[in-house]
Amino acid sequence: MQRGEKELCCLEKVKKQIRFEDCMGMTNKDWEEIQKYLKTAVPNEQRNNFPDFIFDNGFIEHFQVTSSKTTKKGSKHLKNIKHYKDETDIKFKQIKKEWEDNPIMYEERIATQEYLYKEHNYEYLKQSIEQCFQNHVNSLDKYEGKKENGIFLIEYMDCAVSMVPNYNDEIYKKINNGDLKIERKINGYSPIYDKKMLGYFEQFKNKIKYIVWVNKSSRRIKGYTGVMQSYCEYYDDVKVIKVNNISDMLADMPVDYETHPEVVIYQSRLYGYSIPIQ
């Protein structure tokens, strides 16, 4: 993607997926307000400058974070994925040519290429979030435009960290009695369940009004039964946090969540089927 395209793509995802029930610490008035900001935001004509989008009395700044190890050249995961895709393209072109040169009539052929990445973890993600956040706050401090309504649009696309509740016997009893409802597992990381990360965000309440979090997550596909009932689909999970109300959010959180790294698996398949041409 060219500069500006991934930012615009992420903003469009948010405008399409955002729901009031996914807005934390927000009133109906806040909901109407942020919808207006998202709808009226336009790209900054100075693409190389902060922020990415501007609207009346405010801005939206987008950045991506990762749970992979990073170097000066960027995410190790993304670097490996690019290598995997390039290698797969070369391999599949060779296989396709072999199939074309040596066809087997009326028989399906399948070639598979797979890649596993096991080095994601929460500490890498935390480091990425805090480093990126601080860098963009530094840019905000230098920004001379209107900034009373600031939005950080944070995108986490690895889908490589999950979250499960960490609760004691008393909380467990309340859950079993139906007095307390808690998400059993979060597929993909979301800071609304992370007390420490919320505490980190709160220190910027005088600089940032909203944080919009876009997380690549997964869910069971509705309607699938039998052996297919475990099949999942990926979707963009959007959450919005009003930073000034994080203290109230923390007071209402009965439990904290533990984070667990996931193994990321990429699989590519090439299908072939030969029939005679009359």
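This is a predicted model: local features need pLDDT of at least 70, side-chain atom pairs count only at pLDDT 80 or more; totals for chains, interfaces and linings use all residues.
Local features are described only where pLDDT is at least 70, and side-chain atom pairs count only at pLDDT 80 or more, while totals for chains, interfaces and linings use all residues. Residues are numbered from 1 along each chain as its sequence is written, and side-chain values use heavy atoms, with hydrogens and water left out.

The interior comes first. A nonpolar core is taken here as a set of buried Ala, Val, Leu, Ile, Met, Phe, Trp, Tyr and Cys residues joined through side-chain atoms within 4.5 Å. Buried means under 20% relative accessible area, exposed means over 50%, and partly exposed lies in between, with a 1.4 Å probe and protein chains only. The largest nonpolar core has 42 residues, and the members that touch the most others are Val 65, Phe 133, Phe 152, Ile 154, Tyr 189 and Phe 201. Helix α4 (residues 122-142) supplies the largest share of this core, 7 residues. Helices (H or I, at least four residues) and strands (E, at least two) are DSSP runs numbered from the N terminus. In soluble globular proteins, nonpolar side chains tend to be buried together.

Contact means heavy atoms within 4.5 Å. With neighbours within four places in sequence set aside, Val 65 is in contact with Leu 125, Ser 128, Ile 129, Cys 132, Ile 154, Glu 155, Tyr 156, Met 157 and Trp 213.

Ile 275 lies in the segment after β13 (264-273) and counts as exposed because its relative accessibility is 52%. Tyr 106 sits in the loop between α3 (76-101) and β7, and it too counts as exposed, at 54% relative accessibility. Tyr 106 also has a positive phi of about 60° although it is not a glycine.

Salt bridges are counted where a side-chain nitrogen of Lys or Arg is within 4 Å of a carboxyl oxygen of Asp or Glu, and by this rule there are 15. One of them joins Lys 15 and Glu 12, at 3.2 Å from N to O. These two residues are 3 apart in helix α1 (residues 5-17), so about one helical turn separates them. Lys 15 is partly exposed at 35% relative accessibility, and Glu 12 is partly exposed at 39%.

Another salt bridge links Asp 22 to Lys 239, at 3.7 Å from N to O. Because Asp 22 is in the loop between α1 and β1 (23-24) and Lys 239 is in strand β11 (residues 232-242), the pair ties together parts that are 217 residues apart in sequence. Asp 22 is buried, with a relative accessible area of 8%, and Lys 239 counts as buried at 8% relative accessibility. Through shared partners, salt bridges join Arg 19, Glu 21, Asp 22, Asp 237 and Lys 239 into one network. Within that group, Glu 21 and Arg 19 form a salt bridge whose closest N and O atoms are 3.5 Å apart. Glu 21 is exposed at 51%, whereas Arg 19 is partly exposed at 42%.

Gln 113 lies in strand β7 (residues 108-117) and is buried, with a relative accessible area of 11%. Its side chain makes a polar contact of 2.8 Å with that of Lys 91. A polar contact is a pair of N or O atoms within 3.5 Å; within protein, one must be able to donate a hydrogen and the other to accept it, and residues adjacent in sequence count only if both atoms are side-chain atoms. Beyond four places in sequence, Gln 113 touches Tyr 84, Glu 87, Thr 88, Lys 91, Phe 92, Tyr 266, Gln 267 and Ser 268.

Two backbone features remain. A cis peptide bond, with omega about -5°, joins Phe 50 and Pro 51, and Pro 51 is in the loop between β2 (42-43) and β3 (53-55). Asn 57, a residue other than glycine, has a positive phi near 65°. Asn 57 is placed in the loop between β3 and β4 (58-65) and is partly exposed, with a relative accessible area of 32%.
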